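Please look over the model below before reading on. My comments are meant to be checked against it.

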Amino acid sequence: MYKNPRGRPGLVLAAVTVAQFVFALDMSVVNVALPAIRTDLGFAPLDLSWVVHVYALTFGGLLLLGGRACDLYGRRRLFLLGLAVFGLCSLAGGVAQAPWQLVAARAGQGVGAAAAAPAALAMLTTTFTEGPRRVRALGVWSAANAAGGALGVLAGGVLTEYASWRWVMLVNLPVVAVAFAPAPGGGPEEARPVRRERPDVLGAVLATAGIGLLVFGVVRTDVHGWGSPATLGTLAAAVVLLAAFAVTETRAPAPLLRLGLLRSRWVAGANALVFLAAAGQFTAFYFVSLYLQQVLGLGAAATGLAFLPFSAGLVAGTVVATRITARRTPRVALVPGAVLAAAGLAWFASISPDGGFLTDVLGPSLVTSIGTGLVLAPVAAAATTGVAAREAGMASGLLNSSRQLGGCVGLAALATVAAHRTGGATDPAALSDGYAAGLAVTAVLFVLAALVAIAVLPRRRPEDPGPSPLTPAENRLEGTRS
């Protein structure tokens, strides 16, 4: 069984926060640099999207495996290993001389992030006891996550316009070094995990292949379309593999994902909510960025600067949500936050080709970002409420998978909605109309998130979460110890 010594909480929080910042930064910093990357490395137009897609594919496909591995082999060990892989692949991407080299480096970044991200959240939840201290720590982590995603647009624009696209990769190196420095001495002292059980190899293969095919099928809808045989066949194969994974997990001695974890209303509700919120947030970033550049005619750096109010609102919302959740339950901040974000996105849906930053972007940016901050800060606390320390990595991997899949599926689906609305036209009026249609749907997603919070999340915290059930292998091991 795991012990729960706390280590040095300040160093843990510093390492985990900086790491989460760089993972969130990397998801958005590359997007603005894609035109410069295509010109410099000679990407074919249809191949350029793989710079983004391959990261989503490896990151999303391996998160469940990364989360369970940190439970079995040590959170701090997986965190440091993942950071090292992420940093080395960032360096490789920054010096890439051919398209395949950059795509391979982005795949490696996804592998490293899939190991380190769930380990980071698990380190946080096992270092800080459940209650106000954990809520405050998760608030800082959520603020870093939100700020990294928003500031990635600014950093990508400034670096691309005034330095080189290569710096959108190389900028990760000093941030990784800052995260790496305090982690070895600050992490909680972990007891040796249970090692006599056989790893769930079949579950790992089925989960990774199933999630990977799901992500692959979704991100390639920009080429094949949702109704094409290629897309339908890929998604059907993904469903079959994930169904087989669910059956396998009911029989595995040491499951990759204990399905009983989903019986918790906190865990199930938080994961459904973060799926919807991530779909709305990622898509809103995408449409607003395109509106600023393709309709209002802003350059890369100016587009990044236009996202600063959004970043400030996210941090402000996170701070408020942390204070609320420390005294009440996550639900108290989640419901009004989702409603506020929906209102801001509905306001965004009124954009016009004759608009401007002050009239069409600033106001809805502040409303949407504050509401989103109110949602993102408490959702991690909700997803880990009542989860035993020995399953912290499992719960963290599940939450990160839900966020990644939500963003990926939402962006692909709503990009199709926008494209259908424009009908292939590329004039500012048609583009603005398409982006507005997509933003209106993101507002609906946040309304659904509010309904999930109301209907599923409990009104009160559990007084004593207690230990989670042992797996069959651990029951046998406990019997031998006694």
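1. Basis. This is a predicted model, in which local features need pLDDT of at least 70 and side-chain atom pairs count only at pLDDT 80 or more, while totals for chains, interfaces and linings use all residues. Numbering starts from 1 along each chain as its sequence is written, and side-chain values use heavy atoms, with hydrogens and water left out.

2. Main core. The largest nonpolar core has 91 residues. (Such a core is a set of buried Ala, Val, Leu, Ile, Met, Phe, Trp, Tyr and Cys residues joined through side-chain atoms within 4.5 Å; buried means under 20% relative accessible area, exposed over 50%, partly exposed in between, with a 1.4 Å probe and protein chains only.) F23, F79, L124, L273, Y435, L439 and F446 touch the most other members. Helix α13 (residues 265–295) gives the most to this core, with 15 residues. Helices here are DSSP runs of H or I, at least four residues, numbered from the N terminus.

3. Beyond residues up to four places away in sequence, F23 touches Y55, L83, F86, A113, A116 and A117. Contact means heavy atoms within 4.5 Å. Another core, of 21 residues, lies apart from the largest one; L64, V215, L256 and V387 are among its members.

4. S401. This serine sits in helix α18 (residues 392–422). S401 counts as buried because its relative accessible area is 4%. Its contacts, leaving aside neighbours within four places in sequence, are G60, L63 and L64. S401 and L63 are 338 residues apart along the chain, yet their C-alpha atoms are separated by 5.8 Å.

5. Helix α16. Buried residues of α16 include R331, G337, A341 and F348. The buried residues pack against α13, α15 (308–327), α17 (357–383) and α19.

6. T372. Helix α17 holds T372. T372 is buried, at 2% relative accessible area. Leaving aside neighbours within four places in sequence, T372 is in contact with Q281, L314, G337, A341 and F446.

7. L448. Which helix carries L448? L448 is found in α19 (residues 428–455). L448 counts as partly exposed because its relative accessibility is 37%.

Terms used. Helices (H or I, at least four residues) and strands (E, at least two) are DSSP runs, numbered from the N terminus.
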